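Subject: Structure for your review

Dear colleague,

Please find below the structure I am handing over to you, followed by an account of what was found in it. I would be grateful if you could read the two side by side.

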Amino acid sequence: MKEPVKLKTAVLIAGPTASGKSALAMKLAEQVGGEIVNADSMQVYRELRVLTARPGEADEVRVPHHLYGFMSAAEACSAGIWAAHAARAMQEIEARGRVPILVGGTGLYFRALVDGLSPIPDVPAEITAAVRAEVAQAGPGAHKLLQAADPKLAEAIAPSDKQRIARGIEVKRATGKPLSAWQALPPEPLVAGDFLKAVLVPSRDFLYRRIDFRFRHMVREGALDEVEALMALDLDPSLPLMKALGLRPLMAHLRGEISLEEAVLLGQAESRRYAKRQETWFRTQMISWNRLIAQDLESLEASFFSLIDDFGLTGA
């Protein structure tokens with residue numbers, strides 16, 4: 001079993017979309033001499049800075065940011081791929097005498113990093129490309145290909161989930177062992193240390209108001225231009241970034257299928273539903289994390305920095 005990277009300390013901030021995570025991370029980074037590492041599965045891609053609410057260029061000048069926009073929309077970033085990059089970034093940040101601050105809403109990313117995932121070997125790029133092409137060509141019959149390669153995994157994957165179908169087939173082809181067998185092995189955490197782990201839990205009404213306001217703001221700030229440019233790439237709709245919140249309604253508007261107002265309302269509703277799913281995941285899967293429950297940003301910030309003080313993290 002591979003030993004995790006040993007670190008002195010780090011701060012991990014999780015929370016639903018629009019909960020104020022990034023602002024807290026910025027303030028903390030300036031206070032303690034930290035650098036921010038992205039833990040959001042959509043913000044790893046470069047094409048939709050506005051629609052995925054990535055930090056702006058001014059924020060990146062104020063505080064070093066890592067793993068934001070470092071991948072192309074044509075690529076698929078998994079939790080394992082991200083965790084390997086994050087562990088390396090944290091090690092480099094600590095080597096500079098600074099504090100790694102991870103922030104994001106993708107709970108599986110945090111789990112992969114600190115609790116570990118099953119030790120599945122890397123799949124050669126040529127096998128991945130070949131399998132993805134086969135799955136695309138097979139269309140509705142792709143699920144039968146997975147059933148032949150990994151019957152147990154096929155039971156848990158919907159026939160429409162082309163990305164996970166391809167993943168199951170490519171792992172079996174590359175390793176000779178079904179993905180379901182790899183997943184049954186003990187997980188291997190990538191990092192270990194004295195970490196402060198906090199989950200932001202804003203009130204539902206407060207969070208939904210922020211989500212609705214932010215989505216309209218993103219549309220005003222250029223989200224439609226980003227979506228139009230992404231559509232021009234004609235990417236596989238099963239790629240991760242093609243599932244970005246609000247993307248499909250805005251694409252429908254640009255195709256002339258619905259009005260902009262309808263697209264905004266659909267994007268807001270989609271974002272609220274996702275926030276609810278995030279909250280459920282954090283509550284049930286991050287049981288040992290500190291839960292910061294608050295009605296507004298001011299009380300959330302006060303609770304967060306009280307936790308930081310208790311943790312003993314001092315200024316730079």
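The second largest pocket in this predicted model has a volume of about 240 Å³. Its lining is made up of Arg49, Val50, Ala53, Arg54 and Gly56, together with Arg210, Phe213, Arg214, His217, Met218 and Glu221. By residue class, five of the lining residues are charged, four are nonpolar and two are polar.

Helix α3 covers residues 79-95. Buried positions in α3 are Ala79, Trp82, Ala83, Ala86, Ala87, Ala89, Met90 and Ile93. These buried residues pack against the strands β1 (5-14), β2 (34-38), β3 (65-66), β4 (99-104) and β5 (191-202), and also against helix α4 (107-114). After α3 comes glycine 97, which has a positive phi, near 80 degrees.

Is arginine 277 buried or exposed? Its relative accessibility is 53%, and the cut-off for exposed is over 50%, so arginine 277 counts as exposed. Between arginine 277 and alanine 39 there are 17 Å in space, C-alpha to C-alpha, while the two are 238 residues apart in sequence.

Yours sincerely

Notes
Residues are numbered from 1 along each chain as its sequence is written. This is a predicted model: local features need pLDDT of at least 70, side-chain atom pairs count only at pLDDT 80 or more; totals for chains, interfaces and linings use all residues. Side-chain values use heavy atoms; hydrogens and water are left out. Helices (H or I, at least four residues) and strands (E, at least two) are DSSP runs, numbered from the N terminus. The expected span of a helix is 1.5 Å times one less than its number of residues. Buried means under 20% relative accessible area, exposed over 50%, partly exposed in between (1.4 Å probe, protein chains only). Contact means heavy atoms within 4.5 Å. On a 1 Å grid over the protein atoms alone, a cavity is a set of points where a 1.4 Å probe fits but cannot get out, and a pocket is an open set with protein on both sides within 12 Å along at least five of seven lines; lining residues have an atom within 4 Å of a point. Grid points are joined across faces, edges and corners, and a volume is the space filled by probe spheres set on the points. Ala, Val, Leu, Ile, Met, Phe, Trp, Tyr, Cys and Pro count as nonpolar, Asp, Glu, Lys and Arg as charged, and the others, Gly among them, as polar.
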